[in-house]
Amino acid sequence: MSRSTKPHEIVERALELSTADGCVVIADEESSANLRWAGNALTTNGVTRGRTLTVIATVDGKEGTASGVVSRSAVTAEDLEPLVRAAEAAARGAGPAEDAQPLVTGTPVSPDFTDAPAETTSAVFADFAPALGEAFARARAGGRELYGFANHELVSTYVGTSTGLRLRHDQPNGTLELNAKSPDRQRSAWAGRSTRDFKDVDPTVLDAELAVRLGWAERKIDLPAGRYETLLPPTAVADLLIYQMWSASARDAVEGRTVFSKPGGGTRLGEKLTDLPLTLRSDPNAPGLESAPFVIAHSSGDDVSAFDNGLPVPATEWIRDGELARLSTTRHTAGLTGLPVSPGFGNLILDGGGEKSLDEMVADTERGLLLTCLWYIREVDPATLLLTGLTRDGVYLVENGQVVGEVNNFRFNESPVDLLSRASEAGRTEKTLPREWSDWFTRAAMPAVRIPDFNMSSVSKGV
């Protein structure tokens, strides 16, 4: 349909066309703006727009309720009825859905449901772009080169159901990644930030941080594999705990397939995971990390159900004062496990009560490693959630509270659950960009964490 057709009108028309027993329609209006740069100069910039329509049809049968899902972009007026019929045909051709539940009922209507979608433009960089130019000038004068990108996305999602729900959520999402390199490309440092509007990120501050790290890297030190006291910065902590949450399905735990399964049966709910007073939580209303306050599910999966669209998402403590408090469930898996309904998370926050910055934690380190970030994280053993991956863009040796040089990169083998049990200190919680998972998840706030014996399993020759 033409972009002059408002998303809520498309939702309403699709619902009118539906002849299924139940129907959910999700309209996503997407816009993005980006900047890219290399060698202290902008290379590209652009703005994109897009629209995607998803129709979920449910059909009741003697053996249960089946569902069919069809999602298409650039849907025209002529495409709308065929799209609805395709979803209905998919439902009628499918067997009963294991996760079938009555569609969420009620009459909540978002007050802005009939408003035009929010859109981002290049104006989002109005203050950021001049500061980036200043960062280029400083880097050039300091003998370093800056590479990176800034991306801002805004998605307006409209959810309508045959049971009367009319909900809308606008989700801004911004990422900034900056690499500084020496002219000979022998030294590299990275910094990243997440933001909703690019008003709280300053590239000159990041450039100054990277200049310090490039200075540290002028001295190279070779270290063997082994266990080292290690300071994990917030970005690395986020990457590890996001993977932990992706593995925190209540059903999988009850069925004995995850690190949260209790030997002999059941789950580890109520078990103390760490002696530190750590609380891992999600909150759709967390300032600066706001996320959808209701379930938006374009299809069903292991930990999400299309039947749960519109279900409220409350603030949830997954770990409370070091104790495992919740595992994720849909309405279906909550019924299977006998555990409370706990929809998936749109943000992730680790609070440990610490007040120290990462720099202050470095100053308190007698001898240890300071990481920049992790990448290429992969699962080795789901039963223990053993992960492997690589360090990247700077591993530094700290002696007597001072960084004395850059060491080689390592491959690591660690379980985030095991790391929590061994962590000896957590610093101040701050917003961070999870580097490894930034294509999928950016809304995180984490402290730096000290691990007395982080397992650097082998030396890596990677960057």
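Where is the place of Ser-261? In this predicted model, Ser-261 sits in the loop that runs between helix 6 (250-254) and strand 9 (279-282). Its relative accessibility is 12%, so Ser-261 counts as buried, the cut-off for that class being under 20%. The side chain of Ser-261 reaches the backbone nitrogen of Arg-257 at 3.1 Å. Leaving aside residues up to four places away in sequence, Ser-261 touches Asp-252, Ala-253, Gly-256, Gly-266, Thr-267 and Arg-268.

Ser-122 and Ala-33 are 89 residues apart along the chain, and their C-alpha atoms are separated by 5.7 Å. Residues up to four places away in sequence aside, Ser-122 touches Ala-33 and Val-47.

**Helices**

In helix 1 (residues 7-17), the buried residues include Pro-7, His-8, Ile-10, Val-11, Ala-14, Leu-15 and Leu-17. An α-helix has 3.6 residues a turn, so residues three or four places apart point the same way. The cover over the buried residues of helix 1 includes strand 1 (22-38), strand 2 (41-61), helix 2, strand 4 (145-161) and strand 5 (166-181).

Two packed helices are described by the angle between their axes and the distance between the axes. For helix 3 (residues 128-141) and helix 4 (residues 203-216), the angle is about 25° and the axes are 8 Å apart. Helix 3 is therefore roughly parallel to helix 4, since angles under 35 degrees count as such. On the side of helix 3, the contact is made by Phe-128, Ala-131, Leu-132, Glu-134, Ala-135, Arg-138 and Ala-139. Helix 4 contributes Pro-203, Thr-204 and Asp-207. Sorted by class, the contact of helix 3 with helix 4 has six nonpolar, one polar and three charged residues.

**Aromatic pairs**

How many aromatic pairs does the structure hold? There are 15. A pair of aromatic rings is described by the distance of the centres and the angle of the planes. Two of these pairs are set out below.

| Pair | Centre to centre | Angle between planes | Arrangement |
|---|---|---|---|
| Tyr-228 and Phe-410 | 6.0 Å | 45° | tilted |
| Phe-345 and Phe-441 | 5.3 Å | 55° | tilted |

Tyr-228 lies in strand 8 (residues 226-232) and Phe-410 in strand 16 (residues 409-414), so their pair ties together parts that are 182 residues apart in sequence. Both Tyr-228 and Phe-410 are buried.

Phe-345 belongs to the loop between helix 7 (331-337) and strand 12 (348-351), and Phe-441 to the loop between strand 18 (430-432) and strand 19 (444-446), so this pair ties together parts that are 96 residues apart in sequence. Phe-345 and Phe-441 are buried as well.

Ring pairs also link Trp-37, Phe-125, Phe-128, Phe-136 and Phe-198 into a cluster.

**Positive phi angles**

Most residues other than glycine have a negative phi, and most peptide bonds are trans. Tyr-376, not a glycine, has a positive phi of about 55°. Tyr-376 is placed in strand 13 (residues 367-381), and with a relative accessibility of 43% it counts as partly exposed.

Asn-400 is not a glycine either, and has a positive phi of about 50°. Asn-400 lies in the loop between strand 14 (386-399) and strand 15 (402-407). Its relative accessibility is 65%, so Asn-400 counts as exposed.

Definitions and conventions:
Residues numbered from 1 in each chain as written. Predicted model: local features only at pLDDT ≥ 70, side-chain atom pairs only at ≥ 80, totals over all residues. Heavy atoms only, no water. Helix = DSSP H or I, 4+ residues; strand = E, 2+ residues; numbered from the N terminus. Buried < 20%, exposed > 50% of the residue type's maximum accessible area, 1.4 Å probe, protein only. Polar contact = N/O pair within 3.5 Å; in protein donor to acceptor, adjacent residues only side chain to side chain. Contact = heavy atoms within 4.5 Å. Axes fitted to C-alpha atoms, helices over the stretch in contact; angles between N-to-C directions. Parallel < 35°, antiparallel > 145°, perpendicular 65-115°, else oblique. Nonpolar A, V, L, I, M, F, W, Y, C, P; charged D, E, K, R; others polar. Phe/Tyr/Trp six-rings, centres within 6.5 Å; stacked < 30°, edge-to-face > 60°.
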